[in-house]
Amino acid sequence: MPNVDAAIREAVYALDTLKADGIKLATNVGGQYLGAPELDTLFSVLNERRAVIILHPHRPEPVNRQVMQQTPLAMQEYLAETTRAVSNMITRNVLARYNNIKVVVPHCGAYLPLAVPRMKSLTPVMQANKMVAEIDWEANLAALYYDLAGAHSPEVIRMMLTITTPGHLLYGSDYPYVAPKILTLSLARMKQYLTDEPDLAPFREMILYQNAHQLFK
């Protein structure tokens with residue numbers, strides 16, 4: 001990316017020849033964000049193969065280096081990047097149009113639990129001003145899965161369940177970006193609260209492994 005033809009060749013080779021379980025896409029490359037019309041041909045190819053896509057945030061382009069120095073990327077911009085890329089795909093109905101694709105959103109859904117209700121409330125105004133077309137919310141959101149890498153907690157999971165279902169939540173480690181010792185402690189903490197919290201306990205095995213097993217067959 002952003003060489004779409006080369007990206008298609010690479011995706012076809014990875015999925016058809018190497019039998020990869022899925023592919024990773026960055027939120028943007030050189031300022032070209034997911035959801036851009038130029039990427040529709042790539043998504044068409046991925047749709048034919050019923051691909052699973054794992055998103056990962058990149059630095060925003062163009063980069064405001066002063067802002068990056070004041071607040072490190074991982075603390076702010078990565079969450080904004082993920083939200084921006086997924087929002088772009090939703091407003092263009094990318095996931096509704098290519099509905100064989102499944103997309104794993106990282107880091108507890110970034111800001112999407114806050115952004116989706118706001119987007120829905122503003123959609124009629126945006127449509128009246130011809131800024132967006134009709135949005136198939138149900139189809140777009142149905143394609144999204146969410147890993148729980150990062151700052152997971154019972155409260156965060158409950159917030160995520162306002163925009164998705166328990167069957168779309170996946171344990172995620174974020175390895176190798178976090179030290180193994182920290183990840184081990186984090187996983188133990190997750191297992192504990194998924195056992196202790198009565199409203200979340202029924203989904204414990206789903207979140208820890210069953211959902212991922214089902215997603216990747």
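Residues are numbered from 1 along each chain as its sequence is written. Because the model is predicted, local features need pLDDT of at least 70 and side-chain atom pairs count only at pLDDT 80 or more, while totals for chains, interfaces and linings use all residues; side-chain values use heavy atoms, leaving out hydrogens and water.

Helices (H or I, at least four residues) and strands (E, at least two) are DSSP runs, numbered from the N terminus. Two strands are said to pair if DSSP finds at least two bridges between them. In general, strands of a sheet pair through backbone hydrogen bonds, either parallel or antiparallel. Here, five strands make up an open sheet with parallel pairing, in the order β1-β4-β5-β6-β7. Its edge strands are β1 (23-26) and β7, each of which pairs on one side only.

Moving across the sheet, β1 and β4 are joined in the parallel sense over four bridges, and K24 has I54 in β4 as its bridge partner. Strand β4 (residues 52-56) in turn pairs with strand β5 (residues 102-105), again in the parallel sense, over three bridges. Along this pairing, V52 is partnered by K102 in β5, and I53 by V103. Three bridges then link β5 to strand β6 (residues 144-147), and these two run parallel; V105 stands opposite Y146 in β6.

A residue is called buried under 20% relative accessible area, exposed over 50%, and partly exposed in between (1.4 Å probe, protein chains only). Four of the five residues of β4 are buried, so this strand is largely enclosed by the rest of the structure.

Next come the nonpolar cores. Such a core is a set of buried Ala, Val, Leu, Ile, Met, Phe, Trp, Tyr and Cys residues joined through side-chain atoms within 4.5 Å. In soluble globular proteins, nonpolar side chains tend to be buried together. The largest nonpolar core in this model has 48 residues, and F43, L46, I53 and L144 touch the most other members. Apart from that core lies another, of five residues, including V104, Y145, L170 and L215. Contact, here and below, means heavy atoms within 4.5 Å. Leaving aside residues up to four places away in sequence, I53 touches I23, L25, F43, L46, I101, K102, V103 and V104.

The axes of helix α1 (residues 4-17) and helix α2 (residues 40-48) come within 9 Å and cross at roughly 10 degrees. These axes are lines fitted to C-alpha atoms, for helices over the stretch in contact, with angles running from 0 to 180 degrees between N-to-C directions. Angles under 35 degrees count as roughly parallel, over 145 as roughly antiparallel, 65 to 115 as roughly perpendicular and the rest as oblique. The two helices α1 and α2 are therefore roughly parallel to each other. On the α1 side, V4, A7, I8, A11, V12 and L15 meet T41, L42, V45 and L46 of α2. By class, this contact of α1 with α2 has nine nonpolar, one polar and no charged residues. For these classes, Ala, Val, Leu, Ile, Met, Phe, Trp, Tyr, Cys and Pro count as nonpolar, Asp, Glu, Lys and Arg as charged, and the others, Gly among them, as polar.

T164 sits in the loop between α8 (154-160) and β7 (169-170), and counts as buried because its relative accessibility is 13%. Residues up to four places away in sequence aside, T164 touches L144, Y146 and L169.

Two peptide bonds are cis. One runs from M1 to P2, with omega near 5 degrees, and P2 belongs to the segment before α1. Another runs from Y175 to P176, with omega near 10 degrees; P176 is in the loop between β7 and α9 (180-196).

H107 has phi near 55 degrees and is placed in the loop between β5 and α6 (112-128); with a relative accessibility of 14%, H107 counts as buried. K217 also has phi near 55 degrees and lies in the segment after α10 (204-216), but K217 is exposed, with a relative accessible area of 74%.
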